[in-house]
Amino acid sequence: DRKPRVLSGIQPTSDSFHIGNYLGALRQWVALQDTADAFYCVVDLHAITVDHDPKVLHQRSRVSAAQLLALGVDPEKSALFVQSQVPEHPMLAWILGAETGFGEASRMTQFKDKSAKQERTTVGLFTYPILQAADILLYQTDQVPVGEDQRQHLELTRDLAIRFNGTYGQTFVVPEPHIVKETATIKDLAEPEKKMSKSSTSPRGCVYLLDEPGQVRKKIKSAVTDSDAEVRYDTEAKPGVSNLLNIYAALGNTTVEKLEAEYAGKGYGDFKGDLADVVADALAPIGARTKEFLADKAELDRILTAGAEKARHVAARTLAKAYKKVGF
Ligand code: ADP
Ligand code: NA
């Protein structure tokens, strides 16, 4: 019997990932690679579904891979690759597109959110979840470590796998999302009713992994809280403070209960000051290691080429199976 298969991807659509990406997904990528057979990809095919600059995209794919290595993705344990280097992804996506109802694709809420922010909406953005399903199904994936915002796309992936297997016979493993409840949705620091995102409208809303310590402190200290000055977990009444507690517990390796006890009777000033130190300390080595990985371009390319080869080996087998099933 084999180890569980894990696959996840992240878009190279910014110069740095943020702590929502890290706590919601990337930390689990690193944790799972010891017990699972893991495939992790920088999904550059997804990144061109919105406006992009080719030079910037190329560089961001490298910076993204370097950050993943800096966070602890170990190329000896996991296949780390760039999606466009494995052509089986769009090839399987085409087949899955032919299985997807127009109505079911139209129900994807992320498309509605993202297309509303674009001047011009592409068909690629619309079919994005189908490519994502191909990313996952190609590797006979058991678990997909992602944040809560990906749950609907995972549900579509599962539906497509079940449908395809039902029509053509057993072809794909039906994957499960791997979502860690406490950090499933890290909220925007400036607008705690929204999820933290690189497209935050406030420059202080999102903490990037490559932020300097001074920037981290400013952002944490100006985080929106509430007026009752009590460090207490209550996501309904106190979304800002609850979000900070989740971040603190996760990065400080403690629990929300212990933090509530520790800060009982103290104000938000002490709490935010300490949290700023915890976040800045957690991020400092990531920035330094990212620079190291970027400095050796040949080694980074070697890692990504080896990762793509390992990925293709598995992906080509699944694609061949699917081709045969549909009559090619
Ligand atoms: P963004 O939402 O900033 O555009 P991506 O779509 O590239 O980032 O997401 C990459 C991964 O990070 C996905 O698994 C996603 O679920 C997770 N993620 C993104 N934002 C958050 C957040 N605020 N909290 C928890 N997980 C998140
Ligand atoms: Na997202």
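**Labels and the values behind them**

Reply: Happy to! Asp 135 has 3% relative accessibility and therefore counts as buried: the term covers anything under 20% relative accessible area, while exposed means over 50% and partly exposed lies in between (1.4 Å probe, protein chains only). Please keep in mind that this is a predicted model, where local features need pLDDT of at least 70, side-chain atom pairs count only at pLDDT 80 or more, and totals for chains, interfaces and linings use all residues. Residues are numbered from 1 along each chain as its sequence is written, chains are lettered from A and ligands numbered from 1 in the order in which they are written, and side-chain values use heavy atoms, with hydrogens and water left out.

Me: What makes Asp 135 part of helix H7?

Reply: Helix H7 spans residues 123-137, and Asp 135 lies in it. Helices (H or I, at least four residues) and strands (E, at least two) are DSSP runs, numbered from the N terminus.

Me: Which residues does Asp 135 touch?

Reply: Not counting residues up to four places away in sequence, Asp 135 touches Leu 7, Val 43, His 46, Gln 83 and His 89. Contact here means heavy atoms within 4.5 Å.

Me: Why is the link between the side chains of Asp 135 and His 89 called a polar contact?

Reply: The link is 2.8 Å, and the term asks for a pair of N or O atoms within 3.5 Å; within protein, one must be able to donate a hydrogen and the other to accept it, and residues adjacent in sequence count only if both atoms are side-chain atoms. The UniProt record (unreviewed entry) also lists Asp 135 under "binding site", though such annotations may be inferred rather than shown by experiment.

Me: How do you know that Lys 219 is buried or exposed?

Reply: Its relative accessibility is 7%, so Lys 219 counts as buried. Lys 219 lies in helix H9 (residues 213-221), and its side chain makes a polar contact of 2.7 Å with the side chain of Asp 211.

Me: And what about Ala 133: buried or exposed?

Reply: Ala 133 comes out at 0%, so it counts as buried. Ala 133 is also in helix H7, and it touches Leu 96, Thr 157 and Leu 160, leaving aside residues up to four places away in sequence.

Me: Why is strand S2 described as largely enclosed?

Reply: Five of the six residues of S2 (residues 37-42) are buried, so the rest of the structure largely encloses this strand.

Me: What makes S1 and S2 a pair?

Reply: Pairing requires that DSSP finds at least two bridges between the strands. S1 (residues 5-10) and S2 have six, in the parallel sense, with Val 6 opposite Ala 38. The chain crosses from S1 through helix H1 (residues 19-32) to S2 in a right-handed β-α-β crossover: with the strands pointing away from the viewer, the path from the first strand over the helix to the second runs clockwise. S2 is also joined to S3 (residues 79-82) by four bridges, again parallel, and Phe 39 has Ala 79 as its bridge partner in S3.

Me: Which residues come nearest to ligand 1?

Reply: Of the 19 residues around ligand 1, the nearest are His 18, Asp 149, Ile 186, Lys 195 and Lys 198; being near takes a heavy atom within 4 Å. An oxygen atom of ligand 1 is 2.5 Å from a polar side-chain atom of Lys 195, and one is 2.8 Å from a polar side-chain atom of Lys 198.
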